Amino acid sequence: MTNNTWEKFPEDTIELLFTAVEEDDNVDEHTSLPGVIDLRCPHENIYQNYALCLQFWRDGFTREELLGLVEKFIKNPDLPQAVRMRYKYIRARYKHLRFAQRLYSKKHQSFGLFNTTTVVLGHFQDAFRNGNQKNLKYYGAILRILLSKPIWSLVSYAMSHFELETESGFIAYRQSQIRTLGTLINHPQLTGEEFHDVRKIVSQQVSFYDTLRSINPGNQQAYEMSRFLAAINGIMGDQHDVMVADKLSGGSMYDEATALEPDLRLRLEQLLAHYPQ
């Protein structure tokens, strides 16, 4: 199935998703998993979820605005907090749609140029956060190309034209991701790369429940899953930021295997124990 006329949602729904995404790193010490994790997701919900993620990306900024921000940071990486937050929110929309492509597409992959843009946006943000001028200019030059009109048009088209996953395929994909998560945390210590792989799986799961609860605010299970996973994501995000900063300054923390924090491991093990196989 390909679709060029995706469903459009009211502004209230977009705002709910924005709020959910903004809370993705909030660590709530008292959050807990729902009694039962229901993996069912009818094809209509898969379609609606992707449609909302696409609208969230498309309506949130313009190509010209993002390109202008890149140029500003290249000239002056020490821009005001409001400008930094604007860049962060635009990148969050890219990340959310990339998760949607991986979750809901038949191939469970993000379109190559879109994925590359999302990755480079992250490297560029790391560069201006840590004052790394060399990386700032390098990734800024790449972004100028990726945000050019021809590539933008190609990416925009690809975001609307692909085959959606079936309900059974979607369930199987999520279960396979959780099994991979279990394999990773079976190791007593994780390298930076393994730690990043764990976080990617958790973040992707968070994005699914964020979208689900934004479309249906009364879905208590989706809300509880969203908050529980966001707490894991937040704990990992703080540690990951330290590892990235160390790597950019020439340190070796990212390459060394270290144990997970006890609270983080406990939460991950709770998720694995409750998730249907």
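Reader: How many disulfides does the count come to by this rule?

Author: The count comes to zero disulfides, a disulfide being a pair of cysteine sulfur atoms within 2.5 Å. Cys 41 is in no disulfide, since the nearest cysteine sulfur, that of Cys 53, lies 11 Å away. This is a predicted model, in which local features need pLDDT of at least 70, side-chain atom pairs count only at pLDDT 80 or more, and totals for chains, interfaces and linings use all residues. Residues are numbered from 1 along each chain as its sequence is written, and side-chain values use heavy atoms, with hydrogens and water left out.

Reader: What makes Cys 41 buried or exposed?

Author: Buried means under 20% relative accessible area, exposed over 50%, and partly exposed in between (1.4 Å probe, protein chains only). Cys 41 has a relative accessible area of 1%, so Cys 41 is buried. Cys 53 has 2%, so Cys 53 is buried.

Reader: Why does Gly 68 count as partly exposed?

Author: Its relative accessibility is 27%, so Gly 68 counts as partly exposed. Gly 68 is found in helix H3 (residues 63-75); helices (H or I, at least four residues) are DSSP runs, numbered from the N terminus.

Reader: How do you know that the span of helix H2 agrees with its number of residues?

Author: The expected span is 1.5 Å times one less than the number of residues. For the 16 residues of H2 (residues 43-58) that gives 22 Å, and the end C-alpha atoms are 22 Å apart, so the two agree.

Reader: Why is H2 called largely enclosed?

Author: Because 12 of its 16 residues are buried, H2 is largely enclosed by the rest of the structure. Among the buried residues are Ile 46, Cys 53 and Trp 57.

Reader: What divides the lining of the second largest cavity into nonpolar, polar and charged?

Author: Ala, Val, Leu, Ile, Met, Phe, Trp, Tyr, Cys and Pro count as nonpolar, Asp, Glu, Lys and Arg as charged, and the others, Gly among them, as polar. The residues of this lining divide into three nonpolar, four polar and one charged.

Terms used
Helix = DSSP H or I, 4+ residues; strand = E, 2+ residues; numbered from the N terminus.
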